[in-house]
Amino acid sequence: MDASNDETSRGRPEQAGKRVSRACLHCRQRKSRCDLDSNGNPGKPPCQRCVREHRDCVLGGSNRGGRRIRKNKIKHFTPASDHSPNKDPKDTTASPGVLNGLGASSGVPYPGPVVFLPPDQSAETAASTMASAAVEGDEEAAIDTVPRNPSDAWQCLTDIATKSAPMVPENRGSHPGRSDSISTYRGMRNGILPDFNAAHTGIRAYRLVHSRSLDSGLVWQLITRYAENFHPYLPLVPRKYFEYSALDDFANNEKHLLTAVLTIASKDLIDRPEIHEYCSKYMHELISGIAAGAECDVEAVEALLLLAEWEPQGLRPRVERVGRGEEDRAAWMHVGLALRSGYFIGLDRTSFRGDPSGDPESEARRRLAWASAYVSDRLISVRIGRAFWSRGPGPMTGLSSHDFPSLQPAKEGDEDYSKIYQAMLDLTQLYGNVHEVLYSGMRTSNQMMLMGDYVKYVDDFRLAILRWKSLWGPLDCSPPMRATLQLSYEYLRLYTTAFAFQAAISQCLAKPKTDGTHREQLRATFKNVASMQDARFIYESVDAANAYLTILVDSVDPERHLHFMPLRFYLYGIYSAVFLYKARSFGMMLPSEEAKVQGLVARTTEVLKRASAGPDDIGARYSRLLELLWRPKPHPVTNRSAEQREPNEFSIPTALSNPVSDPTYMDFSPAHDFSWLDLEAVGDYVSGDQPPGGLLGLDVFQNEATPYPGGHDRSQVWQSSAWLGDMSSNLLF
């Protein structure tokens with residue numbers, strides 16, 4: 001057989017300088033030679049076999065040579081642009097085989113990857129065919145991408161199943177999950193005209209309104225109250241939702257965020273507590289759904305972050321009359337859930353500008369949410385001394401105020417929250433660095449304390465904190481926003497230098513006892529702080545705690561501003577007061593200085609009470625804690641008049657109906673069984689509910705004469721075992 005016959009047998013002769021297909025569909029299916037030259041019209045059907053078998057002879061297209069067009073390209077084809085190089089341009093009629101391939105008649109289906117629609121095909125059939133081909137193309141594209149993990153494979157299968165799911169026929173009967181549109185259609189078909197005015201859409205479809213727990217007017221009042229009082233401290237809610245015209249969209253698209261706004265805005269409405277109860281129950285249900293794996297978007301992450309900043313009481317099963325750190329525990333869980341949800345929906349990718357995932361407005365919102373999650377994670381970890389949830393990537397990859405357009409002023413005279421937010425981002429980076437270097441873990445922290453390596457780190461951090469103040473201190477902003485930055489700055493000073501205070505205690509306890517007990521040795525050492533190696537750090541830690549409380553009582557209006565501030569500013573004040581109590585216990589304060597500190601704490605308790613909406617609000621509950629902790633030792637002569645008392649005596653009446661078991665006096669022991677960061681342990685201490693052995697499993701410095709088994713006294717056992725705790729979770733003083 002010569003070369004020409006071989007080409008003909010393969011169905012691949014050369015024609016007009018191009019390689020074209022030379023076999024009909026029937027011969028190609030049989031993989032046999034297609035003789036198109038025996039009919040007197042060379043190269044044209046019908047072939048000899050089709051004539052012999054009385055078949056429709058359809059010339060097949062070429063699948064070889066050139067660029068192959070994938071199936072997903074079918075969406076770009078229209079009947080008017082059907083110009084196949086393998087199709088005779090003079091042939092304007094559709095071949096029967098093509099119609100068979102579209103399901104128009106029975107016969108041999110068209111096996112090629114591209115479906116050509118005839119010019120006279122109806123628009124509906126064309127749209128249906130192209131949609132089907134597009135689904136097939138998406139399936140092929142998904143299969144072409146190699147899954148990196150089981151989650152990618154699951155997502156690929158989910159996309160294919162969703163896009164290729166058939167429409168549910170109308171006549172399959174009723175089902176609880178069927179849409180309202182089918183029911184409406186049936187009603188119209190049966191001659192029943194539906195009442196479209198009664199359809200629930202927008203705010204009317206929102207659960208709390210639909211169930212008549214709230215009405216749309218009350219919902220709008222709560223949104224307005226939130227926008228005016230709470231929103232400035234964490235401006236996560238998109239600005240458009242503070243317009244009444246967007247109320248329906250808010251309810252339709254952002255149910256988690258809307259419910260969080262309503263729950264926070266109603267938390268202090270003591271005249272109508274049922275409103276907060278309704279909102280809290282629905283919010284609890286939504287949070288449970290997120291924790292159980294319900295599908296959510298960026299608005300759910302924003303909702304969790306807002307709740308972590310204010311922690312409404314309605315989300316907790318019970319509220320103690322004395323604050324014991326329940327808010328910290330709840331915030332820790334909400335921030336963790338927000339971070340995991342954010343990771344799952346890819347918010348962490350917004351840390352890098354070169355990886356856009358949507359329109360600029362949506363991308364900016366996602367970036368702000370992720371940056372806020374990062375900030376909340378660092379701040380809650382610092383507050384309670386736990387390890388970070390998030391390990392990166394963080395938003396500290398060169399982000400500035402320009403990366404948060406939703407926080408920039410909308411008109412002249414508005415607050416520039418973008419610059420305030422950038423200042424907080426920079427300060428949060430310092431918070432995180434201090435926590436990871438100084439409080440990284442029990443072993444490394446203990447080693448730094450005993451070896452003195454911490455000095456260079458503390459000095460470097462102090463300089464960095466001062467640079468932050470020189471850069472952001474002059475920032476032009478409103479008084480309440482300036483107060484939040486100042487309070488955050490002072491607490492960072494305290495958190496940094498308090499490490500050196502603890503190091504001085506550890507070094508003192510590591511020395512062999514000379515005369516007297518460890519209590520006496522510690523008090524003797526701290527009575528002369530100026531001679532100590534870490535004197536500058538110890539003085540600065542006390543100064544930072546005093547400065548924080550001073551700003552809180554002098555620069556923040558309790559009813560107008562502190563009442564609406566995030567709870568961390570309340571708790572920073574409590575930590576500062578507890579720290580000062582611990583520092584006083586070592587005897588480092590002169591009597592005059594001690595009296596000033598006592599007076600400052602007394603003013604702090606009054607401010608916390610004034611900032612509270614009721615007796616169970618956060619300020620009132622923690623003011624009781626400070627009252628119990630700082631109450632004075634009564635004078636032996638109990639019937640003295642007030643005029644006969646010493647000037648330095650300090651008295652705060654307690655409001656507890658059930659006083660502690662020993663209401664006489666909280667002594668000046670140099671080491672109490674609670675950390676200044678562990679409010680639950682402080683609550684146990686003041687209420688007499690301490691477990692046996694105290695915080696570290698030891699009754700530190702109490703009843704020192706009582707020997708432990710083996711002849712060792714308690715202070716000796718404490719000295720060797722004090723570091724059994726986790727330095728990343730608690731300070732020991």
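E53 is partly exposed, with a relative accessibility of 32%. In this predicted model, the E53 side chain meets that of R55 in a salt bridge, 3.0 Å from N to O. R55 is partly exposed as well, at 43%. The structure holds 27 salt bridges.

**Salt bridge D268–R225**
- The side chains of D268 and R225 form a salt bridge, with N and O 2.9 Å apart.
- D268 sits in the loop between α11 (255-265) and α12 (273-291), while R225 belongs to helix α9 (residues 216-229), so the pair ties together parts 43 residues apart in sequence.
- D268 has 8% relative accessibility and counts as buried, because that value is under the 20% cut-off.
- R225 has 21% and counts as partly exposed.

**Salt bridge E559–R610**
- E559 pairs with R610 in a salt bridge, and their closest N and O atoms are 3.2 Å apart.
- This pair links distant parts of the chain, 51 residues apart.
- E559 lies in the loop between α21 (535-554) and α22 (567-585), and R610 lies in helix α23 (residues 591-610).
- E559 is partly exposed, with 39% relative accessibility.
- R610 is partly exposed, with 48%.

**A salt-bridge network**
- One network joins D459, R462, E490, R493, R536, E540 and D543.
- The salt bridges in this network share partners.
- Side chains of opposite charge can pair when their charged atoms come close.

**Helix α16**
- Helix α16 covers residues 417-438, which is 22 residues.

**Overall fold**
- The protein has 26 helices and 2 strands.
- It contains 733 residues, and 48% of them are buried.
- Contacts between residues at least 6 apart in sequence were examined, and 69% of them join residues at least 24 apart.
- The accessible surface comes to about 37,200 Å².
- Carbon and sulfur atoms account for 52% of that surface.

Note on methods: Residues numbered from 1 in each chain as written. Predicted model: local features only at pLDDT ≥ 70, side-chain atom pairs only at ≥ 80, totals over all residues. Heavy atoms only, no water. Helix = DSSP H or I, 4+ residues; strand = E, 2+ residues; numbered from the N terminus. Buried < 20%, exposed > 50% of the residue type's maximum accessible area, 1.4 Å probe, protein only. Contact = heavy atoms within 4.5 Å. Areas by Shrake-Rupley, 256 points an atom, 1.4 Å probe, with all protein chains shown as cover. Expected span 1.5 Å × (residues − 1). Salt bridge = Lys/Arg side-chain N within 4 Å of Asp/Glu carboxyl O.
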